[in-house]
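Here's a quick briefing for anyone opening this one up for the first time. Take a look at the sequence and the 3D view, then read on.

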Amino acid sequence: MPSFIKNSGGGYTFGANEYLRSTRDVKKESYTVAAASVPNETIGGTTQKMLRSGEVIAKITSGPDAGKVGPFQAAATDGRQTTGNIVGLNDTDLPWQLLESDREIAVTYECTAVQAWCTTRDAAGARVALDNTNADLMRGLKGLEIHFK
């Protein structure tokens, strides 16, 4: 008889994380994410560049990728570390494509999201839960209407 055991042998999961509390009144905009701005991760023994849904995205304002976006990271030096450059939450799950080149993504700038399901990057580039300080800062940014529950 067939059976299904969730995450039976991998130790990691694959697929998009749903960060939205509701799909009502959601607004998105298209951006180009710079592949160089997404840190490498080791997943299942292989090196990948993964951009997940719900990651906070910020504008790159200096360097060769100026004008593009990348994950918000406090230790970045290209503009992504500035909360005023945050444009929203990533809605496009990219599990490997950034190994090849920059990609177009959809960024949600108006929504109701679950704060615990949204992420930023720490100094080492690891994905961490969105903290209250950055969530509060995002609420007051021009062009963003993100409510966290």
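Two strands pair if DSSP finds at least two bridges between them. Helices (H or I, at least four residues) and strands (E, at least two) are DSSP runs, numbered from the N terminus.

What you're looking at is a predicted model, where local features need pLDDT of at least 70, side-chain atom pairs count only at pLDDT 80 or more, and totals for chains, interfaces and linings use all residues. Residues are numbered from 1 along each chain as its sequence is written, and side-chain values use heavy atoms, with hydrogens and water left out.

**Strand E6 and its partners**

- E6 pairs with E4 in the antiparallel sense, over three bridges.
- In that part of the fold, Ile 86 in E6 has Ala 58 standing opposite.
- E6 also pairs with E7, again antiparallel, this time over two bridges.
- Leu 89 has Thr 108 in E7 as its bridge partner.

**Salt bridges**

- Side chains of opposite charge can pair when their charged atoms come close.
- How many salt bridges does the structure hold? There are 12 of them, each one a side-chain nitrogen of Lys or Arg within 4 Å of a carboxyl oxygen of Asp or Glu.
- One of them joins the side chains of Asp 93 and Arg 52, at 2.9 Å from N to O.
- Asp 93 sits in the loop between strand E6 (86-90) and strand E7 (103-113), while Arg 52 sits in the loop between strand E3 (46-49) and strand E4 (56-59), so this pair ties together parts that are 41 residues apart in sequence.
- Arg 52 is buried, at a relative accessible area of 12%.

- Asp 78 and Arg 80 meet through their side chains in a salt bridge of 3.0 Å, N to O.
- Asp 78 counts as buried because its relative accessibility is 15%, and Arg 80 counts as buried at 7%.
- Glu 100 and Arg 103 also form a side-chain salt bridge, at 3.0 Å from N to O.
- Here Glu 100 counts as exposed, at 56% relative accessibility, whereas Arg 103 is partly exposed at 25%.
- Elsewhere, salt bridges that share partners link Glu 41, Glu 55, Arg 121 and Arg 127 into one network.

Notes:
Buried means under 20% relative accessible area, exposed over 50%, partly exposed in between (1.4 Å probe, protein chains only).
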